[in-house]
Amino acid sequence: MKIVFATNNLNKLSEVRKILGNKFEVLSLGEIGCHDDIPEKGQTLKDNALIKAQWVYDKYHVNCFADDTGLEVDALGGAPGVYSARYAGGVGHDSEANMKKLLSELENNDNRKARFRTVIALIIDGKVTTFDGIVNGVITEGKRGGEGFGYDPIFMPEGYNKTFAELGTGIKNNISHRAKAVQKLADYLLKR
């Protein structure tokens with residue numbers, strides 16, 4: 001089955017392709033000739049995933065899915081949440097600046113509980129279905145590990161003593177928030 005993933009983020013694309021394996025041909029926005037910057041103006045992760053998927057479906061008339069992911073930190077009232085990619089402000093996704101700001105805001109705070117949440121919006125023949133995945137964990141005191149992307153070097157999932165960046169993509173792709181949401185997506189698609 002051929003399906004478009006509404007992203008140009010090569011890290012996300014690679015991660016999703018690895019999780020889905022060879023059962024699906026997952027195309028990026030660039031591979032269908034879309035180089036537009038789709039606005040993410042929703043108030044929730046679900047809003048943003050729906051906005052992106054609907055935009056691609058309306059413009060290109062292809063079956064597609066989009067995701068939005070956020071890091072929710074208890075001590076910060078669920079922030080950065082929907083603003084995770086642009087938490088430190090500025091233009092684009094500056095992971096280093098985002099991590100630096102988050103660690104600074106948690107300095108001297110014992111409550112480091114957090115969760116990663118991914119919401120996927122799928123549109124097939126105009127029908128919308130959503131899936132979500134959550135992984136709980138804690139924010140470490142500093143960056144650890146060299147793999148992964150985004151907040152991976154400072155997020156340690158429950159049941160592990162290593163960050164996502166230390167665990168490596170093989171383990172992360174089996175236990176992550178995105179892996180859980182993508183598995184629900186795959187299960188749904190395989191039943192069609």
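1. Thr163 counts as buried, because its relative accessibility is 0%. (Buried means under 20% relative accessible area, exposed means over 50%, and partly exposed lies in between, with a 1.4 Å probe and protein chains only.) Thr163 sits in the loop between strand E7 (155-157) and H4. Helices (H or I, at least four residues) and strands (E, at least two) are DSSP runs, numbered from the N terminus. Leaving aside residues up to four places away in sequence, Thr163 touches Thr140, Arg144, Asp152, Pro153, Ile154, Phe155, Met156 and Pro157. Contact here means heavy atoms within 4.5 Å.

2. A word on the basis. This is a predicted model, in which local features need pLDDT of at least 70 and side-chain atom pairs count only at pLDDT 80 or more, while totals for chains, interfaces and linings use all residues. Residues are numbered from 1 along each chain as its sequence is written, and side-chain values use heavy atoms, with hydrogens and water left out.

3. Which residue does UniProt list for "active site"? The unreviewed entry gives Asp68. The UniProt annotation "binding site", also from an unreviewed entry, covers Asp68. Treat both with care: UniProt positions are given in the numbering used here, feature names are shortened, and annotations may be inferred rather than shown by experiment.

4. Where is Asp68? Asp68 lies in strand E3 (residues 64-73). Asp68 is buried, because its relative accessible area is 5%. Its contacts, not counting residues up to four places away in sequence, are Glu40, Leu45, Asn48, Ala49, Lys52, Val82, Arg117, Thr118 and Val119.

5. Asn48 is one of those contacts of Asp68. Asn48 belongs to helix H2 (residues 45-60). With 0% relative accessibility, Asn48 counts as buried. Beyond four places in sequence, Asn48 touches Glu40, Lys41, Gly42, Asp68 and Val82.

6. Leu50 is also found in helix H2. Is Leu50 buried, partly exposed or exposed? Leu50 is partly exposed, because its relative accessible area is 27%. Leu50 and Ala121 are 71 residues apart in sequence. In space they are 5.4 Å apart, C-alpha to C-alpha. Not counting residues up to four places away in sequence, Leu50 touches Ala121, Val128 and Thr130.

7. Now the helices. The axes of helix H1 (residues 10-20) and helix H5 (residues 177-191) come within 10 Å and cross at roughly 50 degrees. Axes are lines fitted to C-alpha atoms, for helices over the stretch in contact, and angles run from 0 to 180 degrees between N-to-C directions. H1 and H5 are therefore oblique to each other. (Under 35 degrees counts as roughly parallel, over 145 as roughly antiparallel, 65 to 115 as roughly perpendicular, and the rest as oblique.) Their crossing is right-handed. (Right-handed means the near helix is turned clockwise from the far one by less than a right angle; left-handed means anticlockwise.)

8. Which residues make the contact between H1 and H5? H1 supplies Lys12, Glu15, Val16, Ile19 and Leu20, and H5 supplies Arg178, Ala179, Val182 and Ala186. By class, this contact has six nonpolar, no polar and three charged residues. (Ala, Val, Leu, Ile, Met, Phe, Trp, Tyr, Cys and Pro count as nonpolar, Asp, Glu, Lys and Arg as charged, and the others, Gly among them, as polar.)

9. H1 has a crossing with helix H4 (residues 164-175) too. The axes of H1 and H4 come within 10 Å and cross at roughly 65 degrees. This crossing is right-handed. Glu15, Lys18 and Ile19 in H1 meet Thr169, Lys172 and Asn173 in H4. The contact divides into one nonpolar, two polar and three charged residues.
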